[in-house]
Amino acid sequence: NIFSLSISPDGQYCLTGCPAIIDYWRLSDGTLLWTKTAHGGYVNSVDISPDGQYALSGGGNRDNTVKYWRLSDATCLRTMSSGSLDVTSVNFSFDGHYALSGTWALYNSGTIHYWRLSDGVCLISIDAGTYTSSVAFSADGLYCLAGSGSSLAYFRLSDGHSMFSMAGHSAEIKSVDTNGQETGFSYSNTSSAMPFAFTAAPSPFSNELRLTLPNKAVIYSLSGRRIASFEKGVRSINTSLWQTGVYIIKCGTKTKRIVKID
C-alpha cells in the first residue's frame with residue numbers, strides 16, 4: 001500500500017511512502033531510481049523540498065521518527081524523534097530550512113513539532129489537543145495550518161499561540177495545504193480591481209505565459225536571480241528560453257509560483 005506521495009517542484013520526480021520503505025521515481029519513464037528501508041513502521045507522510053534536492057519522511061506504528069534525506073544518493077542526513085508519538089504528516093518550509101511534523105498518540109492526543117533541519121533541534125512543540133493528521137507551513141514560515149480531528153487550526157510558530165480554530169467538519173480532516181501567498185492565505189472579493197492572475201496559452205504546456213498584473217511585477221528564479229520585470233496590465237511572455245525549474249512572480253505584496261517543465 002502507498003500511504004503518501006510527493007512530486008518534485010519541477011514535476012520530474014516522485015517520492016512514495018509505503019510500509020517501512022520509501023521509493024524515488026523518475027516520472028518521464030517510470031524508472032525506480034532507488035528504494036530505501038526508511039522506518040520501522042508505516043511511512044505515513046513524505047515531502048520533497050522546494051528546491052527538489054531533499055525529502056522528509058514520517059514513520060508511524062511506534063517508529064515515531066522524522067527523517068531528512070538527500071535525494072541524489074538516498075542518504076539519511078538526520079533522524080528526529082517524536083518520542084512516543086506516531087508521525088502522521090511532514091512538511092517543508094518554503095525556504096527548505098525547517099520542517100513541521102504532526103503526530104498522534106492513544107486517547108486522541110496530538111502534537112505539532114517545529115524542527116530546525118540544520119541541527120535537528122525541535123524549536124517548539126504545540127499541543128493540538130487531538131489527533132493531528134496533516135500540517136502545512138504558511139508561505140512566510142511563521143504559522144502552521146493543521147487538521148486536528150474535525151477542526152482546522154492555525155498556530156503561530158514563535159510561541160504556539162492558536163490564532164483561530166474552525167470546527168464543524170462532519171468527519172476527520174485528512175489533508176491541509178496553503179497556497180504559497182506571502183500571508184499564507186488568499187481570498188476573493190467583489191472588488192472591480194484588476195486581479196493578479198496568470199495562464200499558459202494555448203495549453204498548460206505552452207511556452208507563452210499570459211500575466212494579468214494590477215501592479216508592476218518582477219519574476220525571480222527560486223535562487224533569487226531576477227529574470228524580468230513588467231509594468232501593470234495584461235502581458236504575454238515567451239518562456240521558451242527559460243531553464244526548467246521553479247520561478248517566483250512578485251506583484252506588489254503578493255507572490256505566485258510557476259514551474260517550467262520540459
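**Charged pairs, core and surface**

The side chains of D159 and R156 meet in a salt bridge, with 2.8 Å from N to O, where a salt bridge is a side-chain nitrogen of Lys or Arg within 4 Å of a carboxyl oxygen of Asp or Glu. D159 is partly exposed at 43% relative accessibility, and R156 is partly exposed as well, with a relative accessible area of 27%; in these terms buried means under 20% relative accessible area, exposed means over 50%, and partly exposed lies in between, with a 1.4 Å probe and protein chains only.

The model is a predicted one, in which local features need pLDDT of at least 70 and side-chain atom pairs count only at pLDDT 80 or more, while totals for chains, interfaces and linings use all residues. Residues are numbered from 1 along each chain as its sequence is written, and side-chain values use heavy atoms, with hydrogens and water left out.

By the salt-bridge rule the count comes to five, and two further examples can be followed here. The side chains of R26 and D29 meet with 2.9 Å from N to O; R26 has a relative accessible area of 30% and is partly exposed, and D29, at 46%, also counts as partly exposed. R210 forms a salt bridge with E208, the closest N and O atoms being 3.1 Å apart, and here R210 is partly exposed at 42%, while E208 is partly exposed at 27%.

For the protein as a whole, the secondary structure comes to zero helices and 22 strands, helices (H or I, at least four residues) and strands (E, at least two) being DSSP runs numbered from the N terminus. Buried residues make up 46% of the 262 residues. Among contacts with a separation of 6 or more, 38% are accounted for by residues 24 or more positions apart, a contact meaning heavy atoms within 4.5 Å.

In soluble globular proteins, nonpolar side chains tend to be buried together. The largest nonpolar core has 13 residues, and those with the most contacts inside it are L100, I112, C144 and L157; such a core is a set of buried Ala, Val, Leu, Ile, Met, Phe, Trp, Tyr and Cys residues joined through side-chain atoms within 4.5 Å. Strand 10 (111–116), strand 11 (121–127), strand 12 (132–137), strand 13 (143–148) and strand 14 (151–156) each supply at least two residues of this core. Leaving aside residues up to four places away in sequence, I112 touches several residues, including L100, I124, V135, C144 and F155.

I7, found in strand 1 (residues 4–7), counts as partly exposed at 47% relative accessibility.
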